[in-house]
Amino acid sequence: MSRLQSLNFKKLVDAYHTGLYRFAHCLSQDEQTASDLVQHTFFIYANKGAESRENAALKIWFYATLYHEYVRQRAAPQVETRKAKPAGATRVKAENLSAFDGESTAALFAWVEEPLRAPLALFYLRALTYREMAEALGTPVPELLEQVAAGKIRLKAILAQRAQRE
């Protein structure tokens, strides 16, 4: 990699790392797995994507690649399984919902079923438009909108159940 390519790569990492990590953490519920997914996504870009991607489509490519790597890793047999921090460990009262931080919000996603988790995470991260989200997840926009709506309903039900227990 030339010095110019190296500088451009660093700019891409600076621009996309935080959003990709948040998305990966919402999906995996594990800090190490999230870090590994982000690192592997940038590795793929450095090895395959550097010459074939336009800047306009780069953001979508990063999110799509991370998501597909997550799905691929979940489908592969695991030699060692890591346990995510239990989602119940983060207890938040209904009146304190505005005080959610990234980790407690990500912990809530553990309770959302897998098909709804990725669209809901992307929606709340506000990293992509609906069209970009649909493209990254390989889903038609109407189906994505249904998934986001169903995810919101599920998340509200989870929060209501938690509020009743406290």
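**A buried threonine and the packing of the last helices**

Modeller: T41 is found in helix α2, which covers residues 31-49; helices are DSSP runs of H or I with at least four residues, strands are runs of E with at least two, and numbering starts at the N terminus. This is a predicted model, in which local features need pLDDT of at least 70 and side-chain atom pairs count only at pLDDT 80 or more, while totals for chains, interfaces and linings use all residues. Residues are numbered from 1 along each chain as its sequence is written, and side-chain values use heavy atoms, with hydrogens and water left out.

T41 has a relative accessible area of 0% and is therefore buried (under 20% relative accessible area; exposed is over 50% and partly exposed lies in between, with a 1.4 Å probe and protein chains only). Apart from neighbours within four places in sequence, T41 is in contact with W61, F62, T65 and L66, where contact means heavy atoms within 4.5 Å.

The chain as a whole has 7 helices and 0 strands. Of its 166 residues, 38% are buried. Among contacts with a separation of 6 or more, 67% join residues 24 or more positions apart.

If residues up to four places away in sequence are not counted, L122 touches F23, Y63, A127, L128, M133 and L137. The C-alpha atoms of L122 and Y63 are 9.1 Å apart, although 59 residues separate them along the chain.

Helix α6 (residues 130-137) packs against helix α7 (residues 141-165) at an angle of about 100°, and their axes lie 9 Å apart; axes are lines fitted to C-alpha atoms over the stretch in contact, and angles run from 0 to 180 degrees between N-to-C directions. α6 and α7 are therefore roughly perpendicular to each other (65 to 115 degrees; under 35 is roughly parallel, over 145 roughly antiparallel and the rest oblique). From α6, the residues Y130, R131, M133, A134 and L137 make the contact, and α7 supplies V141, L144, L145 and V148. Between the two helices, G138 follows α6 and has a positive phi, near 70°.

Helix α5 (residues 114-125) also packs against α7, at an angle of about 90° with the axes 8 Å apart. α5 and α7 are therefore roughly perpendicular to each other as well. Here P115, L116, P119, L120, F123 and Y124 of α5 meet L144, Q147, V148, A150, G151, K152 and L155 of α7.

Helix α7 itself has 25 residues and reaches 36 Å from first to last C-alpha, close to the 36 Å expected at 1.5 Å a residue; the expected span is 1.5 Å times one less than the number of residues. Its buried residues are L144, Q147, V148, G151, L155, I158 and R162.
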